[in-house]
Amino acid sequence: MKNYPIWKSFTVIILVSLGIIFSVPSIIYDDNSENWFLKNKINLGLDLQGGSYLLLEVQLATLYAEELENFSDSIRVLARDNQTKINQVEIYENSIIVNFEDNTKINDIKNSFFQMYRDVSIKIKDTQLILEMNDIYKKNIQDSAIKQSLEIVRKRIDESGTKEPLIQRSGKKRILLQLPGVKDPERIKELLGKTAKLTFHLVDDENSSALNANIEPYGKMILSDIYDDNIKYLLDKRSLIGGENLVDAKGSFDQTEGHAVSFRFDTDGAQKFGKITTNNIGNRLAVVLDGVVITAPRINSAITGGSGIITGNFNAQEAADLAVLLRAGALPAPLEIVEERSVGAGLGADSIAAGQIAAIIGMILVCLFMILIYGAFGAIANISLIANIFIIISLLGTIGATLTLPGIAGIVLTIGMAVDANVLIFERIKEEKLKQTKVFQIIKNGFDKAMSTILDANITTLIAAVLLFAFGSGPIRGFSITLSLGVIASMFTALMLTNFLVYLYLSFTNKKELNL
């Protein structure tokens with residue numbers, strides 16, 4: 001093509017062709033297709049596809065209570081090491097008062113405790129040691145718990161097969177969860193409602209009198225069976241190994257017990273488990289999940305391979321869900337659902353239809369305006385505009401972006417912005433027409449002089465869109481994604497595609513004068 005570089009021609013043709021090709025999966029939108037190519041489509045958000053909205057709250061009171069229990073256990077250990085008797089431990093909402101028999105070793109116990117918990121307020125009053133969680137300590141616990149909960153919720157949701165969920169922090173102690181396409185969230189709520197704290201404890205079968213009297217001796221605890229509250233177990237309070245050492249868990253099938261969960265420990269966990277089973281042959285080992293006993297089998301031989309199975313009258317779904325919980329890890333504190341909403345697909349269909357109508361009407365009006373004002377050059381701008389939309393759709397599908405209602409607004413806005421760049425170029429060409437007589441020189445100067453203005457305007461818009469994405473959330477992010485991709489696509493179509501089409505048009509028509 002005359003006066004136009006070949007490499008530019010090939011670049012424009014290839015990029016536009018790829019844009020059209022990769023927009024096909026989103027246009028067809030076959031949600032059940034297993035074809036790798038058709039999977040590269042735009043994901044519809046909760047407001048378009050319908051689904052479930054959950055607002056979860058981390059139960060910090062439970063977390064603080066567990067931390068106070070840890071304080072109590074640590075003080076008891078330190079008192080035993082210092083050969084000091086504790087008369088009473090009083091646990092309140094934010095503090096613990098430990099009453100010692102005398103104060104001879106109380107300073108040593110205080111100093112040792114301070115080495116373990118530096119941010120805890122510690123006071124001595126006669127024979128009393130007063131431990132208090134201050135605001136800084138509680139805030140550190142809270143932030144850590146929220147971050148850990150977010151990761152574990154994300155793992156559990158991903159394991160359940162839910163596509164493109166939105167999971168983010170909301171306020172000081174809440175987690176926002178949007179599940180597009182999930183019409184019945186009961187299974188998700190079941191997965192999120194369990195803390196999934198897994199521990200292994202030895203069963204004390206010798207002290208049956210304490211179990212029958214429902215009395216917990218020091219260092220022991222009584223827990224119920226998961227299926228029958230009337231069945232009780234007297235267990236060592238100290239867990240021998242926990243779920244933090246698990247590296248894998250999956251549903252399996254046992255010949256005698258039926259559906260089960262097979263698990264595997266990491267190297268450290270395998271060594272601990274091997275030592276536990278070697279030293280306790282003949283004793284029972286209870287598997288405890290969230291404060292109830294799943295199973296308590298007798299150890300018949302040493303298990304040194306670091307793997308085993310958990311049985312407990314599961315069905316296939318229960319075994320699979322338990323495996324998901326164990327793989328994801330335990331929540332630091334229970335989650336309570338404080339708000340739940342279901343968004344119907346009908347609302348999403350109405351939103352999509354309204355967005356389509358707005359886009360089509362906008363396209364028609366813009367195209368008519370461009371043709372009326374700029375004639376053949378306006379038609380060229382319209383072709384670039386259509387290509388721009390194909391490129392945006394293909395980019396959204398390729399990166400697997402989630403399209404929301406504000407995202408549709410971003411696309412409609414981009415339509416106007418894309419035409420704006422072409423208007424700037426054509427007005428520059430009009431100005432050059434008054435100075436030059438050679439057609440191709442007029443076109444070249446018009447595009448060159450408009451380029452800096454277009455780049456300035458679009459780059460500043462792109463910076464704003466990136467900031468919206470970085471600091472925004474939910475609908476704001478959806479808008480910023482489509483706006484960012486639209487700005488990039490409009491710069492390409494205005495500066496390269498329109499330029500290519502204008503040169504192509506002039507080469508075929510051999511015009512000696514511009515009618516613009």
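Strands are DSSP runs of E of at least two residues, helices are runs of H or I of at least four, and both are numbered from the N terminus. Two strands count as paired if DSSP finds at least two bridges between them. Within this pair, K123 stands opposite I130 in β6.

The model is predicted, so local features need pLDDT of at least 70 and side-chain atom pairs pLDDT 80 or more, while totals for chains, interfaces and linings use all residues. Residues are numbered from 1 along each chain as its sequence is written, and side-chain values use heavy atoms, without hydrogens and water.

Axes here are lines fitted to C-alpha atoms, for helices over the stretch in contact, and angles run from 0 to 180 degrees between N-to-C directions.

Move to helix α5 (residues 135–159) and helix α9 (residues 316–328). They pack at an angle of about 145 degrees, with their axes 9 Å apart. I152, K155, R156 and E159 of α5 and V324, L325, R327 and A328 of α9 make the contact, which is defined as heavy atoms within 4.5 Å. These residues divide into four nonpolar, no polar and four charged; Ala, Val, Leu, Ile, Met, Phe, Trp, Tyr, Cys and Pro count as nonpolar, Asp, Glu, Lys and Arg as charged, and the others, Gly among them, as polar.

Now centre the view on N70, K197, T199, K237 and S239. Of the 50 residues lining the largest pocket, these lie nearest its centre. A pocket is an open set of points on a 1 Å grid over the protein atoms alone, where a 1.4 Å probe fits, with protein on both sides within 12 Å along at least five of seven lines; lining residues have an atom within 4 Å of a point. α3 gives the most to the lining, with eleven residues.

Finally, select T199, which stands opposite G242 in β12. Two bridges join β9 to β12, and these strands run antiparallel.
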